[in-house]
Structure formats: structure tokens, C-alpha cells
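Dear colleague,

Please find below the structure I am handing over to you.

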Amino acid sequence: MIDETLTMIPGPTPVHPRILAALARPTVSHVAPSFVKDFREALDAFRRLCKSETAQPFIVSGGGTLAMEMALVNVVAPGEKILVISHGYFGDRYADLASSFGISCDVLKSEWGRAVPPAELGRKLAEGRYAAVTITHVDTSTGTAAPVEDYLRLLKGRDELVILDGVCATGGIDEPFDRWEIDVLLTAPQKAMAAPPGLALCLFSKRAMARRLSRSSIPAYYADVNRWLPVMDDPSRYYSTPCVNEIVALGEALRIVHEEGLPARFARHHRIATAIRAGLQALGFEIFTHAACRADTLSVVLLPKGVADAAFRKEVASRGVVLAGALGPIAGKAFRVGHMGNISAGEAAAVLEAIEESLRALGLAPAPGTAISAAAPYLAEVELQQALNK
Ligand code: PMP
């Protein structure tokens with residue numbers, strides 16, 4: 001990394017120098033042939049990342065929240081009702097967003113750090129019908145990975161559209177759009193794709209596009225996928241000036257994703273998650289998220305009694321590693337470490353070392369090398385896979 005600081009928060013994640021170099025290319029006209037080609041390639045690479053043959057991709061300046069809005073308002077009308085499965089802050093955001101558009105919702109909420117049991121979804125679906133069901137693949141506040149396939153089995157063949165928030169998963173955890181029969185996948189570039197923030201990404205299934213096209217208008221202008229469709233078909237057309245540099249950078253980030261290969265990339269995320277958790281647990285930390293639903297992209301970690309959040313993260317930051325605080329009911333009691341994107345075994349080891357040294361500085365004295373010894377077998381697997389990939 002160019003910057004010596006390792007930004008290990010759950011997004012934005014460290015941006016590889018190749019992607020930064022793409023970002024720094026001269027800003028060209030949004031209709032320049034070179035940019036039109038880059039835009040087309042980014043759209044195609046995004047669709048391939050989600051393993052879809054037929055979905056319609058959208059790449060629009062904005063962020064994950066705009067992508068959430070696009071995913072909802074294009075397929076659900078005011079007055080209709082949706083079911084939100086919430087595993088934390090970002091699941092709850094969907095309920096909030098829906099109410100801003102006059103869309104009513106039922107919310108299936110888990111205890112923080114746990115997942116809604118599929119049987120609860122089954123019961124809810126037996127009681128009534130919804131226009132759509134939203135699932136947050138990984139809720140960044142709790143580190144909970146939803147049991148997506150279990151939920152999808154219950155939704156198969158029903159009329160409810162499935163909206164999957166992949167913001168904290170896409171590019172780090174498999175999301176086979178066609179096989180899973182997702183209707184709208186929404187995501188953002190600044191997490192497991194490891195591009196800079198600034199874009200809203202969506203994939204719409206044929207069924208989802210048909211829902212949009214069945215309505216003459218929707219309560220949105222910029223977020224209306226129908227207005228963007230001509231641009232996605234032919235990026236030399238204009239609707240609103242695309243952020244040229246960010247799209248070129250996303251294209252480079254996706255090139256790195258596909259060079260690594262999806263199976264290797266998802267396996268690396270899993271091994272690095274396992275390594276970091278093994279190291280932290282060897283240091284005496286407890287992982288907040290229940291073992292049955294831990295995401296590969298971040299860990300939510302309880303602080304030991306007597307260790308203050310601010311003092312701990314300041315110590316770690318003084319060693320060049322930036323961690324994130326926790327949200328909601330665990331704010332001040334836990335921290336979050338992102339381990340997604342283009343993180344190497346060496347960087348994972350540096351994070352563990354910084355955390356171990358910080359504990360020592362705070363008067364908790366783990367034997368030197370405790371964290372690395374526990375993580376080493378998994379980190380060795382990451383290194384081996386990377387050597388084989390070369
Ligand atoms: N969904 C999830 C799961 C997220 O983690 C985030 C951002 N942390 C968002 C949506 C919103 O994305 P943004 O901050 O880019 O608007």
C-alpha cells in the first residue's frame with residue numbers, strides 16, 4: 001500500500017496502487033471512446049462477479065444507500081408492503097428507507113449478533129404476502145452473515161421480489177445471482193471490491209426490470225433505473241455525468257478481482273477471517289457475532305473488561321492500523337475490524353501484531369508472538385494459494 005496506514009475498518013478498505021493509478025488517470029469526456037469502453041467493461045465485470053448471464057447492471061454515482069434506494073423504489077410502490085429481515089443497523093435502515101417512500105413494512109429482527117432463524121421467515125410468509133423481501137447479506141454493524149440460501153429456499157416460487165444488500169459482501173463472499181434467483185442485488189465498491197467509495201451498484205433481474213417497466217412513473221428521478229437504462233446499454237449516451245475516474249478505478253478493481261479468480265478470492269477471505277479470529281481469540285478476545293453466522297468480511301470483537309475502546313484503538317492507530325468502533329447496543333464495548341478486499345497474509349499479520357503490542361502497552365501482557373502463532377497455519381494457506389495463483 002502507498003500509505004503506511006492500514007485502514008482495517010469495514011469499508012472503505014485499502015485501495016491497491018493499481019486502482020489508485022487508474023483513479024489518477026486524466027479525467028476524460030464521459031463520451032470519450034476510451035471511457036465508453038471502460039464503462040462497458042466495468043458493467044460486464046460487475047455482472048460476472050455476481051455470476052449472472054442475464055441481469056441488468058447499473059453503475060451510478062452515489063453510494064450504498066443510493067443503491068438501497070434504487071433497489072427498492074423501482075420495484076415497490078408507495079402503499080405496498082415489504083418484509084425486512086434485519087440483523088442490525090443496515091437492516092433497520094431498509095425499514096427507515098421504506099417509510100420515507102410511504103412503503104409499509106414488517107421487520108423480522110434478530111438479537112444483535114445472531115441471525116433470524118429461517119423458520120421465523122417461513123411463519124411470516126405463511127401469514128401473508130409482500131411486494132418484496134429485503135435481506136442484508138452481511139450487516140456491517142453486527143458482523144452477521146445472513147443464511148441467505150435458507151431464506152431463498154422459502155422464497156422460491158413466490159411472488160415476493162428478493163432484494164439482497166451485498167454492500168459488505170460482494171467481492172468477498174459468493175453471490176451467485178442467477179442460481180440464487182435474486183431479483184435485485186445492490187452493492188457499493190468500497191468494501192470487498194476494494195475500490196474507492198463513490199458509486200451505487202445494482203443488478204436487476206428480468207422480473208425486477210419488468211416490475212419497473214410495468215409502472216409509468218416512480219417517486220424518484222435520479223434513482224429511476226428506467227432513466228439510466230439507455231446509458232447502461234450504451235455508455236456514450238447521457239443522463240447525468242458519470243464520475244469518470246471512479247468508474248475507471250472500479251474497472252481496475254474488478255480486473256484485480258477476476259485476475260485472482262472468484263474461488264480463490266472467496267477462499268482467501270475465508271482464510272484471512274479465520275486467521276484474524278484465531279489470533280484475536282488467542283489474545284483473549286471474544287468474537288461478538290455468534291459462531292453460526294460470522295461473516296468472512298469483518299469481525300466484531302468484544303473488548304476485555306477494563307480496556308477502554310478509545311484508548312485501545314488509539315494505541316492500535318499509533319502502530320499504523322485503523323480499526324472501527326462498534327455501533328448501537330455494543331458501542332464502546334466492542335470494535336470492528338474489516339478484513340476484506342485485497343488484504344494479504346502479511347497485512348493480516350501486521351494487524352494482529354499491532355493489536356497484540358497495544359494490549360501490552362495497556363498493561364495486558366500476552367507473550368510475544370501469541371496472536372501470530374495462532375493465525376500462522378491459516379496465513380500460510382493464504383500465502384500458498386497466492387503463490388499458486390502467480
Ligand atoms: N448496507 C450495508 C450492509 C453497509 O455496510 C453500508 C455502509 N456501511 C450501506 C448499506 C450503505 O452504504 P454507503 O455508506 O455507501 O451509503
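Which order do the strands of the open sheet have? The model is a predicted one, in which local features need pLDDT of at least 70, side-chain atom pairs count only at pLDDT 80 or more, and totals for chains, interfaces and linings use all residues. Residues are numbered from 1 along each chain as its sequence is written, and side-chain values use heavy atoms, with hydrogens and water left out.

The order is S11-S12-S15-S14, in an open sheet of four strands with antiparallel pairing. Strands (E, at least two residues) and helices (H or I, at least four) are DSSP runs, numbered from the N terminus; two strands pair if DSSP finds at least two bridges between them. At the edges are S11 (286-287) and S14 (324-325), each of which pairs on one side only. S11 and S12 (residues 298-302) run antiparallel and are joined by two bridges. Glu286 stands opposite Leu302 in S12.

Helix H12 (residues 309-318) lies across S14 and S15 (334-338), at about 30 degrees to S15. Axes are lines fitted to C-alpha atoms, for helices over the stretch in contact (heavy atoms within 4.5 Å), and angles run from 0 to 180 degrees between N-to-C directions.

H12 also packs against helix H13 (residues 345-361) at an angle of about 125 degrees, the axes being 9 Å apart. Phe312, Glu315 and Val316 of H12 make the contact with Ala354, Ile355, Ser358, Leu359 and Ala361 of H13.

With kind regards
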